[in-house]
Structure formats: C-alpha cells, structure tokens
Amino acid sequence: MCAPTGWSANPDLVRRLSELRPGVIYDETRVPSYILPDPLVCLDGSRVDSPEKWRDKRRPEILELFRTYVYGRAPLDRPADIAFETFDYEENALNGRAIRKQVSIRLTKSDEPSIDLLIYLPKKPQPPPIFLMLNFWGNHTINPDPHIRIKSRPVFMPRGEFFLSEESRGWDRSTPLNKILSRGYGFATACYNDIDPDFHDGFKNGVHGVFDRLFGERRPPDAWGSIGAWAWGLSRIMDYLEIDGDIDSRHVILLGVSRLGKTALWAGAQDERFFMVISNTSGCGGAALSRRRFGETVKMINDAFPHWFCENFKKYNDNEDALPVDQHMLIALIAPRPVYIASADEDLWCDPRGEFLAAKAADPVYKLLGTEGLPADEMPPLNSPVMGRIGYHIRSGGHGITEYDWERYMDFADKHIYSRA
Ligand code: GTR
C-alpha cells in the first residue's frame, strides 16, 4: 500500500472556479514566485539566534510592523472606565447541565458601546478552561436557550431585523455546546458587532466612534480598522475572564472563524494572556500568505472591506512583495503558545495551501523557542490533523466551522492543557 499523499485541490473545482472568476488565482501553477521575509532576521539585518533576542528585539519589531502596515494601532489599552456587570447567573442552565452567566462589559461611563458576554460552564469542582469566540449574529443565535439576552443594536446588516427577533434564537447551529461542556470546557461568546459594527460608515460607530478622538484631529493612516477593534475587544473580554474566579483564566482558548479567525490571530499575537489561538478558515489577512495571491488578494479584500485593515495596508494592493511582513510572522508572534490553523478542502478562496505554508514558515520561531513546532513537511492528506505546538488540518467541505473542527480543537486543547506537550 502506498502512503497517503498530501492534500491538493480537486482539479474540477479549480477549473470551475477559474472559469467563474478568471481574475482570481485558483490554480497552483499560476502562483507567482515570491520570497518571504525571514521572521528570524531583524530590520537591521542581524540574525535572531536566541529566545532573548526574539523576545526583546524581533517580536516587538514585528508587532510594530503589523500595527503600522496591516491592522492598525488601537489608540488605548484598557479604558479607565471599563466596568463589568453580571446581569444573569443561572446554576441550572441547559436542563441542569451547565452554569450560565451573562455579563455586560461597559467600555465608557455611558451605556454604549458595551459588550454582552455569554458564558456557559460545565459543573466541575475546578474552574474549567474555556473557549472564547466572537460570533456573527448575536449571542442568542448560538443556542435556543430562551434566557440569552437579545441585545438591541442598530440594524445595519442584511436580515438585521430577523437577528433581533425571537425566531433567530439558535439559528446558528455551529457550536456543539453539549459536546464542549461534556468534554470539560467552558464556552464564552460575544457578538463582534457589539465592539464595532461590521459596516463601513467612516469609523463613526462602535469603539471607533468613541475612542478615535484620542488620535487627535485626524485619523492617522495606521489607525485601527475593524479587525483591530474586534481584537481589542477580545482583550477587554479577557480583562473580565481574568477576574472571574469560576474560570481557569490561564487557559483561555481563543477561536475565530473567517474574518473572526483573522481577528483571533491578531488578538492572540498581541495579548499573551491568551493561552492558545485557533484560526478556522481565516484566509487572506489571517493565516494565508499574502504573497501567493491565491484566492482572495490584498486588493480584493481592501476593495470589498475598506474598513477592516488600516489605511496603510491599501498601499500593498497588487504590491504584496513590498509588504514588510507576511502572515507567517503573525502566527510566529503567538509562539511559543499553541496555535492551530484549520483549512477546508473546497474553500479555495481562503488558500488552504497558503495557510499551511504560513504555519510551516512560523515553525523556525517555535523551534528557536524550544518547542516542537509543526511536525509536517508537506500538507497532510484530508482529515488528517497534525499536532505539535503548531497544529494544522484540512477537512472535507467548505468555508466555516464544523463539528469535526471542534473535535480537533478540543483534542489539541486536551493535549496542551492536560498532557503538558
Ligand atoms: C469573505 C471575505 C473573507 C472572509 C469571509 C468571512 O467575504 O472575502 O476574507 O473573511 O468573508 O468572514 O465570512
């Protein structure tokens, strides 16, 4: 029997997508040649040859490059007036299976913007580790539990009215809450629109509307975009998790899907309180290498979502080789903490191979810091996860998160929390 070979895209799918959108690269043979910036060479040309030099010099340098040229800079850390109000506590939620809490995180002295955080905890003698993820449609859409508050918000998204209605409870079935709880994990979630509505209005709404004035008269070209704002919001949620004694806040596992996968990586890169970071089909501006220009490119994402990144990022439209970073360096910023990158077979828009190659190109940093890195030289076959300190899988199916993904993330968390790998 032959050893299974690594993944490659289904040629019929490649043909079909290429015909549909001839301007998009879906075919590996059309990927331009490129040279990645070396994460272990500093801007002054010196080599990073020790963990200390990584920590003290190169890591801050790379963080600064991502702030300046990609996601932008948040104008403040933790706001002075942040306040947490637990407005719901139920010891017998989900038919007695879980504890439920709902907390309002106020970011200023006034009521808005505020973040509704929904938390479910398994009933365990010890505070459990917890998965934290932002959701797209509202906390009440992730489970039919009638006690989840439907937070009112301006209607700006397609079907916005529907997502404010009782009918939308439990509409998003992608969170296997019972399975998560039965494996001993807590689950915390908030809607990303609470932090910054995903809508381009010239940065007037959400946290931009409140805090951008700290930049002075003019928004600088490296001011935070929406991904930067969502990532900042995740750190504010972490501010709360840290003080909740019912949660093992040393083991907060940050997970994000798609644009929120990009967000999870950026939040995890900046805020080392997150124990583990998981990127699920995050693609361009997330785990995929920009220089490959496979699927969605820098120009396509900046044109479609002009509010996601900072203004400076637009200089790299059709000009990826000039970027001082690429996305492998974002993954490397998470080192030596566990990071998992997951792709999907039919999701060529997200460039699965580019996601794998970015994880692989982060491996030298993980190795320098004394960890196993990513124990794979080639892309693994479909549905065959690889788990070192960097984990990777590509599963069957399309864009989004499935139960298969969730199970692997819990396996990966088990490995790093309980086996001390
Ligand atoms: C797409 C976008 C992707 C991805 C996705 C999502 O339209 O091109 O970068 O972020 O949206 O978040 O669902």
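At what angle do helix 2 and helix 8 pack, and how far apart are their axes? In this predicted model, helix 2 (residues 51-69) packs against helix 8 at an angle of about 140°, and the axes lie 11 Å apart. That angle makes helix 2 oblique to helix 8. The crossing itself is left-handed. On the helix 2 side, the contact comes from Arg59, Leu63, Phe66 and Arg67, while helix 8 brings in Trp266, Ala269 and Gln270.

Next comes the sheet. Strands of a sheet pair through backbone hydrogen bonds, and they can do so either parallel or antiparallel. Here, 10 strands make up an open sheet with mixed pairing, and their order is 1-2-3-5-4-6-7-8-10-9. Strand 1 (83-92) and strand 9 (386-387) sit at the edges, each pairing on one side only. Strand 8 (residues 339-344) and strand 10 (residues 390-395) run parallel and are joined by 6 bridges. As for who pairs with whom, Ala342 has His393 of strand 10 as its bridge partner.

Helices also meet this part of the model. Helix 12 (residues 403-418) packs on the sheet, touching several strands, including strand 4, strand 5 (186-191) and strand 10; its direction makes about 165° with that of strand 10. Helix 8 (residues 259-270), back again, lies across strand 4 (130-135), strand 6 (252-257), strand 7 (276-280) and strand 8. Relative to strand 6, helix 8 runs at about 145°.

Finally, there is helix 7 (residues 226-241). At 1.5 Å a residue, its 16 residues should span 22 Å, and the end C-alpha atoms are 23 Å apart, so the two values agree. Helix 7 is also mostly covered, with 16 of its 16 residues buried.

Definitions and conventions:
Residues are numbered from 1 along each chain as its sequence is written. This is a predicted model: local features need pLDDT of at least 70, side-chain atom pairs count only at pLDDT 80 or more; totals for chains, interfaces and linings use all residues. Side-chain values use heavy atoms; hydrogens and water are left out. Helices (H or I, at least four residues) and strands (E, at least two) are DSSP runs, numbered from the N terminus. The expected span of a helix is 1.5 Å times one less than its number of residues. Buried means under 20% relative accessible area, exposed over 50%, partly exposed in between (1.4 Å probe, protein chains only). Two strands pair if DSSP finds at least two bridges between them. Contact means heavy atoms within 4.5 Å. Axes are lines fitted to C-alpha atoms, for helices over the stretch in contact, and angles run from 0 to 180 degrees between N-to-C directions. Angles under 35 degrees count as roughly parallel, over 145 as roughly antiparallel, 65 to 115 as roughly perpendicular and the rest as oblique. A crossing is left-handed if the near helix is turned anticlockwise from the far one by less than a right angle, and right-handed if clockwise.
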